[in-house]
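Me: I'd like to learn how to read a structure like this one. Could you walk me through it feature by feature?
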Amino acid sequence: MRILVYDSSLQTRDSLISILITAGYEVVAVKDKKSILSMFGKLPFTAAIIEVNESDEEMADILEKIYLDDRYNVHVIVHVENPSKEFFSKMMRIGVSGFLLKPFNEKDFLNRFTLLLEKANIKPKKLKHIVINDLDNFKLVFRHDGVRQILHGMIIEMSPIGLKFIMPPEEASIEVGHIIKNASMAISSYKISFSITITEKIGNEYVGTFDELSAFNSKLICKFIYDKYIEKLK
């Protein structure tokens, strides 16, 4: 399921991207409200989370155009602060499916969003995490308990919840269920540390899920994956 996100706050946009793609949604975020309609014209979306200020008539006009244009068929969820009864009525008249009230709460957001989808009778198929595989010389570094040395794997796929990497067979063999502690990789100028539980092994290819991943590092990984995903859409 693809979700469009618009919010004027970069911090909120990044949080929404991280939460939604970790939950298995595809996300496209726009920085400018003037880009909302053009993005709907490029890609199909099931739902949209759109920040609205009650006094913003331009945004109200955009939402009405979404409602009146049968090409879009998008369930709009409005993110708003201290809305009046008149605002609620106006938004409902132009087809808004639900409301998320500010201030933005990371911990509670996904539950509230899921509930709004259910109320709008949106039943997504099994959600699937975005996987990127256009990784050039992207290395995983870790110490293997069995051989007592630093090993370097080559990451070939990554999702918000784990990764796939290749190990030269002559270096070490890692069994399914093994937990690699204190692994690391570099994204931009950041060194990200985490543990990995090996869930699958095919020859010299290994699949693992992230463990002990901090919220900050999780956001970095999600933003990296999101940027790669958006590059493919352009």
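Reply: The secondary structure comes to six helices and eleven strands. Helices (H or I, at least four residues) and strands (E, at least two) are DSSP runs, numbered from the N terminus. This is a predicted model, where local features need pLDDT of at least 70 and side-chain atom pairs count only at pLDDT 80 or more, while totals for chains, interfaces and linings use all residues. Residues are numbered from 1 along each chain as its sequence is written, and side-chain values use heavy atoms, with hydrogens and water left out.

Me: What does the C-alpha trace span along its principal axes?

Reply: About 70 × 35 × 30 Å. For two points on that trace, take Arg-93 and Leu-135: they are 42 residues apart along the chain, and their C-alpha atoms are separated by 47 Å. Arg-93 is found in helix 4, residues 85–93.

Me: Is Arg-93 buried or exposed?

Reply: Start with the cut-offs: buried means under 20% relative accessible area, exposed means over 50%, and partly exposed is in between (1.4 Å probe, protein chains only). Arg-93 has 59% relative accessibility, so it counts as exposed. Across the protein, buried residues make up 45% of the 234 residues.

Me: And how do I read contacts?

Reply: Contact means heavy atoms within 4.5 Å. Among the contacts with a separation of 6 or more, 59% are between residues 24 or more positions apart.

Me: Now helix packing. How is a pair of packed helices described?

Reply: By the angle between the two axes and the distance between those axes. Axes are lines fitted to C-alpha atoms, for helices over the stretch in contact, and angles run from 0 to 180 degrees between N-to-C directions. Under 35 degrees counts as roughly parallel, over 145 as roughly antiparallel, 65 to 115 as roughly perpendicular, and the rest as oblique.

Now the case here: helix 1 (residues 10–22) packs against helix 5 (residues 106–119) at about 55°, with the axes 11 Å apart. That angle is why the two helices are called oblique to each other. Their crossing is right-handed; handedness is left if the near helix is turned anticlockwise from the far one by less than a right angle, and right if clockwise.

Me: Which residues make the contact of helix 1 and helix 5?

Reply: Helix 1 brings Ser-15, Leu-16, Ile-19 and Leu-20, and helix 5 brings Glu-106, Phe-109, Leu-110 and Phe-113. Sorted by type, that's six nonpolar, one polar and one charged. Here Ala, Val, Leu, Ile, Met, Phe, Trp, Tyr, Cys and Pro count as nonpolar, Asp, Glu, Lys and Arg as charged, and the others, Gly among them, as polar.

Me: At what angle does helix 1 pack with helix 6?

Reply: At about 85°, with the axes of helix 1 and helix 6 (residues 215–233) 9 Å apart, so this pair is roughly perpendicular. On the helix 1 side you'll find Asp-14, Ser-15, Ile-17, Ser-18, Ile-21 and Thr-22, meeting Ser-218, Lys-219, Cys-222, Lys-223, Ile-225 and Tyr-226 of helix 6. This contact divides into five nonpolar, four polar and three charged residues.

Zoom in on Ser-18 of helix 1. Ser-18 is buried, at 7% relative accessible area. Setting aside neighbours within four places in sequence, Ser-18 is in contact with Ser-218, Lys-219 and Cys-222.

Me: How many salt bridges does the structure hold?

Reply: A salt bridge is a side-chain nitrogen of Lys or Arg within 4 Å of a carboxyl oxygen of Asp or Glu. The structure holds 13. One of them joins Lys-33 and Asp-56, at 2.7 Å from N to O. This pair links distant parts of the chain, 23 residues apart: Lys-33 sits in the loop between strand 2 (26–30) and helix 2 (36–42), and Asp-56 in the loop between strand 3 (47–51) and helix 3 (57–68). Lys-33 counts as buried at 18% relative accessibility, and Asp-56 counts as buried at 16%.

Glu-51 and Lys-102 form another bridge, at 2.5 Å from N to O. Glu-51 lies in strand 3 and Lys-102 in the loop between strand 5 (98–101) and helix 5, so the pair ties together parts 51 residues apart in sequence. Glu-51 is buried at 7%, whereas Lys-102 is partly exposed at 22%.

Me: Where do Asp-61 and Lys-65 lie?

Reply: Both are in helix 3, four residues apart, about one turn of the helix. Asp-61 is partly exposed at 35% relative accessibility, and Lys-65 is partly exposed at 44%. As for networks, salt bridges that share partners join Lys-33, Lys-34, Asp-56 and Glu-58 into one.
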